[in-house]
Amino acid sequence: MAISERVLRYLESRKNLTGGACGLLGLVLTFTGAAGPYWPVVVFGLYGAGALIAPPERPAPPDFPGPSAQLDAVRADLERLGGYLADVGLPPPVAERLSALTELLGALLAPGWAAEALAADPEGVHAVSRTVRQDVPEAVDAFVRTRWWHRMAPGQEPPERHLERQLALLHGEAERLAADLRETEARRQESHTRYLEDRGGLSG
């Protein structure tokens with residue numbers, strides 16, 4: 001850090017501002033005659049005392065992205081995931097189940113009241129992010145790799161059955177999350193109804 005920058009930071013610091021205020025008090029005492037011939041000692045002493053008692057500088061906390069910004073990133077990743085899935089070539093039953101899952105995720109992430117409710121639930125944001133960025137890509141990639149080996153050595157359980165079960169489980173998680181968000185909104189509505197009823201009873 002350059003010397004000029006350090007000087008500027010100190011001039012703007014709480015220690016300098018507090019010390020300056022106390023030093024001004026010393027000047028006032030000097031002009032009123034209370035400091036006597038030792039006024040330089042009084043002024044600099046008050047400045048030093050003020051600088052010592054000033055609260056330390058508090059570094060600004062890191063500016064992490066908020067829930068809304070996180071949802072924007074997950075929404076963009078869901079679009080990227082859709083492009084990847086379009087190139088995989090899944091069997092029709094699996095493709096239908098996967099489409100139902102991505103549509104539900106898209107509805108949860110779509111800008112509007114649903115996304116606002118999701119943004120207020122950090123665990124829900126984490127669950128959707130994990131599904132989009134980890135669970136679905138890993139499930140589909142494992143299917144693609146296992147499908148190749150299955151074609152080389154048939155006779156084992158078809159890999160699409162595992163993928164169907166995995167997608168069913170992920171869809172169930174997404175449905176439970178949607179139900180929880182809906183329940184939260186319902187409780188909020190009920191709370192507002194009770195508030196209005198209580199307010200009406202008090203005013204009556």
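This is a short walk through one protein model, from its overall fold to a few single residues.

Keep in mind that the model is predicted. Start with the fold. The protein has eight helices and zero strands. Along the sequence, the pattern reads α-α-α-α-α-α-α-α. There are 204 residues in the protein, and buried ones make up 26% of them. Now the contacts. Take those with a separation of 6 or more: 71% of them join residues 24 or more positions apart.

Next, the core. Which residues have the most contacts inside the largest nonpolar core? They are Leu98, Leu101, Leu118, Val128, Val136 and Leu163. That core has 32 residues.

On to helix 5. This helix has 18 residues. From first C-alpha to last, helix 5 reaches 25 Å, close to the 26 Å expected at 1.5 Å a residue. Where do its buried residues sit, seen down the axis? The buried residues are Val94, Leu98, Leu101, Leu104, Leu105, Leu108 and Leu109. Down the axis of helix 5, they fall within an arc of 140°, so they line one face of the helix. Turn to the other side of helix 5, and Pro92, Glu96 and Glu103 are exposed. Two names come back here: Leu98 and Leu101 are among the residues with the most contacts inside the core.

Now a charged residue. Arg147 lies in helix 7. Arg147 is buried, yet it has no salt bridge. How far away is the nearest side chain of opposite charge? That side chain is Glu160, and it is 7.1 Å away. A salt bridge needs a side-chain nitrogen within 4 Å of a carboxyl oxygen. So what does Arg147 contact, leaving aside neighbours within four places in sequence? The contacts are Val88, Gly89 and Pro159.

Last stop, helix 2, residues 14-31, where we find Ala21. Is Ala21 buried, exposed or partly exposed? Ala21 has a relative accessible area of 46%, so it counts as partly exposed. Look across to Tyr47. Ala21 and Tyr47 are 26 residues apart along the chain, and their C-alpha atoms are separated by 7.5 Å.

Technical notes. Residues numbered from 1 in each chain as written. Predicted model: local features only at pLDDT ≥ 70, side-chain atom pairs only at ≥ 80, totals over all residues. Heavy atoms only, no water. Core = buried A, V, L, I, M, F, W, Y, C linked by side-chain atoms within 4.5 Å. Buried < 20%, exposed > 50% of the residue type's maximum accessible area, 1.4 Å probe, protein only. Helix = DSSP H or I, 4+ residues; strand = E, 2+ residues; numbered from the N terminus. Lys, Arg positive; Asp, Glu negative; His and termini not counted. Contact = heavy atoms within 4.5 Å. Expected span 1.5 Å × (residues − 1). Arc of directions from axis to C-beta.
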